[in-house]
Amino acid sequence: MRIIQERTITDEVKKLALDANCDLGTSFIDLLREKIKSEKSEIGKNVLEQIVENDEIARLEKAPMCQDTGLVVCFIELGYDVHIEGDLYEAVNQGVREAYEEGFFRKSIVRHPLDRVNTNDNTPAITHVKLVPGDQIKITLAPKGGGSENMSLVKMLTPAEGIEGIKKLVLHTIFYAGGKPCPPLIVGIGIGGNLEKSALIAKEAILRDLDEENPDPILRKLEAEILDEINKLGVGPMGFGGTTTALAVKISVHPCHIASLPVAINLQCHASRHKTGVI
Ligand code: SF4
């Protein structure tokens, strides 16, 4: 049994939160640069150039790339052979607290959805824990902006609606969201499970590497088809029109009830912030 102190987890979360808010990584910025070349609209090109410039400044000056520094979502894979001396959830919240103070990041969390009083330290984070074999803790931290989260949804389709129903829902959602979720987007689609499972796997899907191929050939084909159709909608970068509405579509599936076809669509804006660390 490996013993890990609460403080060690806090330090890792703090590092990941500081890093995630400022640095999208050069490969993501290079992908956006590539999209400038293929974008058909002049305004769309201009918007993409501004996004790239903004992201480079943020990376080099260690400043947040967006004023909305998000609600922190933490996916933790906790090894069976780890004993934590302390409280895992408090360790995460303390790391968030310290990072948001030190980084001068906006504090965006209210203590209650109806009285709307700001907690002033960006906590609590939303922490999902999965038990896995081993003696390590893997933390993937994603500050999730309100704009793109607000345009996300879960819908319980009927099985008869099938693939066509899913496509229709995705295209309708993205078209009517327009510029609100700050495209170009990464579109996470969770199909199956139940109400909450579909939402969870949709969120996990937006955190996958963009160049990682879906191992399921049917889903891989569907991802490509949906991406193509999204980019024909004309929404474009930040909704100003163009051919770069989404950068990727990532689909995850889970077994479900014979009567159900849950579909969750989690939209990730161009501030696609997430970092992973292992303790
Ligand atoms: S949706 Fe994303 S890019 Fe837009 S304001 Fe929110 S965090 Fe920033």
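Four strands build an open sheet with mixed pairing, in the order S6-S9-S7-S8. Its edges are strand S6 (153-157) and strand S8 (246-256), each of which pairs on one side only. On average, neighbouring strands here are turned by 15° against each other, direction ignored. The model is a predicted one, in which local features need pLDDT of at least 70 and side-chain atom pairs count only at pLDDT 80 or more, while totals for chains, interfaces and linings use all residues. Residues are numbered from 1 along each chain as its sequence is written, and side-chain values use heavy atoms, with hydrogens and water left out.

**How to read the terms**
- Helices (H or I, at least four residues) and strands (E, at least two) are DSSP runs, numbered from the N terminus.
- Two strands pair if DSSP finds at least two bridges between them.
- Angles run from 0 to 180 degrees between N-to-C directions, with axes as lines fitted to C-alpha atoms, for helices over the stretch in contact; contact means heavy atoms within 4.5 Å.

- S6 and strand S9 (residues 261-268) run antiparallel and are joined by five bridges.
- Met-156 has Pro-262, in S9, as its bridge partner.
- Helix H6 (residues 162-177) lies across S6, strand S7 (185-193) and S9, at about 30° to S9.
- Helix H7 (residues 195-206) also packs on this sheet, touching S6, S7, S8 and S9, and its direction makes about 145° with that of S7.

**Around the S4-S2-S5-S10 sheet**
- Another open sheet of four strands has the order S4-S2-S5-S10, again with mixed pairing.
- S4 and strand S10 (275-278) are its edge strands, each pairing on one side only.
- Strand S5 (residues 137-144) pairs with S10 in the antiparallel sense over four bridges, and Lys-138 has Val-278 in S10 as its bridge partner.
- Helix H1 (residues 6-22) lies across S5 and S10, running at about 40° to S5.
- H7 turns up here too, lying across strand S2 (71-79), S4 and S5 at about 95° to S2.

**A nonpolar patch at the surface**
- Tyr-80, Tyr-89, Val-129 and Leu-131 make a nonpolar surface patch of about 420 Å².
- Leu-131 sits in strand S4 (residues 126-132), and Leu-131 counts as exposed because its relative accessibility is 52% (buried is under 20%, exposed over 50%, partly exposed in between; 1.4 Å probe, protein chains only).
- Patch residues have over 30% relative accessible area and no salt bridge, with like charges joined within 9 Å and nonpolar side chains (Val, Leu, Ile, Met, Phe, Trp, Tyr) within 5 Å.

Technical notes
Accessible areas come from the Shrake-Rupley method with a 1.4 Å probe; for residues, only the protein chains shown count as cover. A salt bridge is a side-chain nitrogen of Lys or Arg within 4 Å of a carboxyl oxygen of Asp or Glu.
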